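Please have the sequence and the coordinates open while I talk.

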Amino acid sequence: MSEAAALTRDRFLGGRLTMCQPAQGYRAGIDPVLLAASVTAVPGQTVLELGCGAGVAALCLAARIDGLNVTGLEVQPAYAALARRNAQDNRVPLEVVTGDLADMPPGLRGRSFDHVIANPPYYRPGRGTAARDAGRAAARGERAPLAAWIDAATRRLRPKGTLTVIQRADRLPDLLGACDARLGDMQVLPLAPRAGRAAELVLLHARKGARGAFRLAPPLVLHDGARHERDGDDYAPAVAAVLRDGKDLPTPW
């Protein structure tokens, strides 16, 4: 995304937030909203989002829970600037740091957080259709391996702090393989588009220094009905409450 790229203004959380996004480039859907709604933060705690993009997940989280101290790290300067603009326009506090998680800025490297969240690129290099827009390509296709994301997140967590990640279901083996002995009490919530359909996304929740056993939760079904049969959305009530009203996502953690 260039600095002069055309922007759209999109509503999130039932219009509570209005976010500028590139018309051509990486555009946030419901994934970062679901990620933000799954975080078990309380007022006064600190949160770091790795790869915050235009700030959708970070701002949804900050808008949902008053009194959080939320920081976003973004490697693409144009997206970092957009996240700052969105925070200012919505009057939601968000610190945005421009930098690479693989070479974290010194001011961020020396800090620790109660929670770290991430929506890493979904596709390995060479997988999926290449995006024409460079910003979209960087957001969708990983440059740093998934293991680097998990390592960077774990390093920034305080003892007993939580890591929450949303990722494609077919990347779950990679995601679990990236989690080492520093993380425990790992829980995975599959997100299925409809009842009887395979999950397409997963949410991973883990705690630094914990020793609880791994748990795989029953899928959370996003849409009502076996197929889309009418105009408009058909989100399940609990999911609609997240997207429209900023409610918590029902999770097992």
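This is a predicted model: local features need pLDDT of at least 70, side-chain atom pairs count only at pLDDT 80 or more; totals for chains, interfaces and linings use all residues.

**The cavity and what surrounds it**

Let me start with the lining of the largest cavity, whose residues divide into six nonpolar, one polar and two charged; here Ala, Val, Leu, Ile, Met, Phe, Trp, Tyr, Cys and Pro count as nonpolar, Asp, Glu, Lys and Arg as charged, and the others, Gly among them, as polar. Residues are numbered from 1 along each chain as its sequence is written, and side-chain values use heavy atoms, with hydrogens and water left out.

What do I mean by a cavity? On a 1 Å grid over the protein atoms alone, it is a set of points where a 1.4 Å probe fits but cannot get out, and its lining residues have an atom within 4 Å of a point. Grid points are joined across faces, edges and corners, and the volume is the space filled by probe spheres set on the points. A search of the whole structure finds one cavity of 30 Å³ or more, and the volume of the largest cavity is about 30 Å³.

Its lining consists of Leu-13, Val-33, Ala-36, Ala-37, Cys-60, Arg-64, Val-242, Gly-246 and Lys-247. At least two lining residues come from each of α1 (31–37) and α2 (56–64), and α1 gives the most, with three residues; helices (H or I, at least four residues) and strands (E, at least two) are DSSP runs, numbered from the N terminus.

Staying with α2, nine of its nine residues are buried, so this helix is largely enclosed by the rest of the structure. Buried means under 20% relative accessible area, exposed over 50%, and partly exposed in between, with a 1.4 Å probe and protein chains only.

The next topic is the nonpolar core, by which I mean a set of buried Ala, Val, Leu, Ile, Met, Phe, Trp, Tyr and Cys residues joined through side-chain atoms within 4.5 Å. The largest such core has 47 residues, of which Leu-17 and Leu-191 touch the most other members. At least two residues of this core come from each of β2, α1, α2, α3 (77–90), β8, β9 and α8 (237–245), and α2 supplies the largest share, eight residues.

Now to the charged pairs. A salt bridge is taken as a side-chain nitrogen of Lys or Arg within 4 Å of a carboxyl oxygen of Asp or Glu, and by this rule the count comes to 17. In one of them, Asp-10 and Arg-27 meet with an N to O distance of 3.1 Å. Asp-10 lies in strand β1 (residues 7–12) and Arg-27 in the loop between β2 (17–22) and α1, so the pair ties together parts that are 17 residues apart in sequence. Asp-10 counts as buried at 18% relative accessibility, whereas Arg-27, at 31%, counts as partly exposed.

A second pair is Asp-185 with Arg-215, at 2.8 Å, N to O. Because Asp-185 lies in strand β8 (residues 183–192) and Arg-215 in strand β10 (residues 215–216), this pair ties together parts that are 30 residues apart in sequence. Asp-185 is buried at 17% relative accessibility, while Arg-215 is partly exposed at 42%. Elsewhere, salt bridges that share partners join Asp-151, Arg-155, Asp-180 and Arg-182 into one network.

Finally, the strands, where two of them pair if DSSP finds at least two bridges between them. β1 and β2 pair in the antiparallel sense over six bridges, with Arg-11 opposite Thr-18 in β2.

How do strand β6 (residues 113–118) and strand β7 (residues 157–168) run, parallel or antiparallel? They run parallel, joined by five bridges, and Ala-118 stands opposite Val-165 in β7. With strand β9 (residues 201–208), β7 pairs in the antiparallel sense over seven bridges, and there Leu-163 has Ala-206 as its bridge partner.

Terms used:
On a 1 Å grid over the protein atoms alone, a cavity is a set of points where a 1.4 Å probe fits but cannot get out, and a pocket is an open set with protein on both sides within 12 Å along at least five of seven lines; lining residues have an atom within 4 Å of a point.
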